[in-house]
Amino acid sequence: YNPGGTPVNTGAGTVIYRAGGTNHTDSGLTPGTTYHYKLYAENWSYYSPGVTTNIPTVPNAPNAPSGSDVAATSFTANWAAVTGASDYRLDVSTATNISANLSGYNNLTVAGTNQAITGLTANTTYYVRGRAVSSGGASANSATRTQLTAPAAPAQPTASSVLATSFTANWSAVSGAASYRLDVDDNADF
């Protein structure tokens with residue numbers, strides 16, 4: 001307000017708009033950053049009191065989640081932190097287009113940068129994507145990452161043709177196994 005004709009101090013911010021319209025698009029901003037705006041009405045160098053608002057921009061999308069600690073019925077999804085994100089949302093599906101998410105993994109809120117995904121089926125491909133979230137909203141989806149779970153454990157092997165210096169180990173095939181690894185030791189705690 002300028003009752004005596006003396007210009008009002010309008011602050012030290014950068015003037016980004018000065019015209020007769022009632023809207024302005026501010027572009028070229030940094031994702032995940034809160035910008036502080038002060039708006040004045042102006043009439044021949046006389047200014048109204050300024051009104052302020054804080055506008056957070058939406059963060060960038062996170063990188064595609066990677067898998068670790070892969071087991072037959074679980075894995076951990078991991079991604080890098082995104083500047084300005086307060087948390088993340090995670091989707092997990094067996095559908096390539098993530099159209100039907102697994103129960104509990106549809107827009108799941110995650111506070112950190114990893115999440116254990118459990119209750120899965122052995123030797124199955126899962127599709128995982130995420131979003132970064134701030135008070136400005138949710139980012140676009142990350143790229144989708146595929147994660148194959150480990151095959152199920154084989155049944156306990158049996159021995160045949162047992163001789164003094166050899167034996168044959170036998171086991172049943174496991175669905176989805178490309179090969180097998182057999183370890184042996186004369187110590188039961190190996």
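What is the accessible surface of the protein, and what share of it belongs to carbon and sulfur atoms? The accessible surface comes to about 12400 Å², and 51% of it belongs to carbon and sulfur atoms; accessible areas come from the Shrake-Rupley method with a 1.4 Å probe, and for residues only the protein chains shown count as cover.

The model is predicted: local features need pLDDT of at least 70, side-chain atom pairs count only at pLDDT 80 or more, and totals for chains, interfaces and linings use all residues. Residues are numbered from 1 along each chain as its sequence is written, and side-chain values use heavy atoms, with hydrogens and water left out.

**View 1. Overall arrangement of the protein.** The protein has 14 strands and 0 helices, where helices (H or I, at least four residues) and strands (E, at least two) are DSSP runs numbered from the N terminus. The radius of gyration is 30 Å, well over the 16 Å that the globule rule gives for 190 residues, so the protein is more spread out than a compact globule. That radius is taken over C-alpha atoms, and the globule rule is 2.2 Å times the number of residues to the power 0.38. Along the principal axes, the C-alpha atoms fill a box of roughly 110 × 35 × 25 Å. Of the 190 residues, 22% are buried; buried means under 20% relative accessible area, exposed over 50%, and partly exposed in between (1.4 Å probe, protein chains only). Among contacts (heavy atoms within 4.5 Å) between residues at least 6 apart in sequence, 54% join residues at least 24 apart.

**View 2. Charged side chains.** The protein carries 7 positive and 9 negative side chains, and the centres of the two sets are 19 Å apart. Lys and Arg count as positive and Asp and Glu as negative, while His and the chain ends are not counted. Each charge is placed at NZ of Lys, CZ of Arg, CG of Asp or CD of Glu.

**View 3. The largest nonpolar core.** This core has 14 residues, of which Phe75, Ala77, Trp79, Leu90, Val92, Ile117 and Val128 touch the most other members. Strands β6 (74–78), β7 (87–93) and β10 (125–134) are the elements that give two or more residues to the core. A nonpolar core is a set of buried Ala, Val, Leu, Ile, Met, Phe, Trp, Tyr and Cys residues joined through side-chain atoms within 4.5 Å. Beyond four places away in sequence, Phe75 touches residues including Val70, Ile117, Leu120, Tyr126 and Val128.

**View 4. Ala116 beside Phe75.** Ala116 is placed in strand β9 and is partly exposed, with a relative accessible area of 39%. Its C-alpha atom is separated by 6.0 Å from that of Phe75, 41 residues apart along the chain. Leaving aside neighbours within four places in sequence, Ala116 is in contact with Phe75, Thr76 and Tyr105.

**View 5. Arg89 in strand β7.** Arg89 lies in strand β7. Not counting residues up to four places away in sequence, Arg89 touches Asn107, Leu108, Thr109, Arg129, Gly130, Arg131 and Val133. Ser48 is 41 residues from Arg89 in sequence, and the two are 42 Å apart in space, C-alpha to C-alpha.

**View 6. Two asparagines with positive phi.** Most residues other than glycine have a negative phi. Asn107, however, has a positive phi near 60 degrees, and its place is in the loop between β7 and β8 (108–110). Asn107 is partly exposed at a relative accessible area of 39%. Asn123 likewise has a positive phi, about 55 degrees, and lies in the loop between β9 (114–118) and β10. The relative accessible area of Asn123 is 28%, which makes this residue partly exposed.

**View 7. Ile55 in strand β4.** Ile55 is found in strand β4 (residues 51–56) and counts as partly exposed at 41% relative accessibility. Apart from neighbours within four places in sequence, Ile55 is in contact with Thr33, Thr34, Tyr35 and Tyr37.

**View 8. The loop that holds Ala164.** Ala164 lies in the loop between β13 (158–160) and β14 (168–170) and is exposed, with a relative accessible area of 83%. Ala164 and Thr22 are 142 residues apart in sequence, and their C-alpha atoms are 93 Å apart in space.
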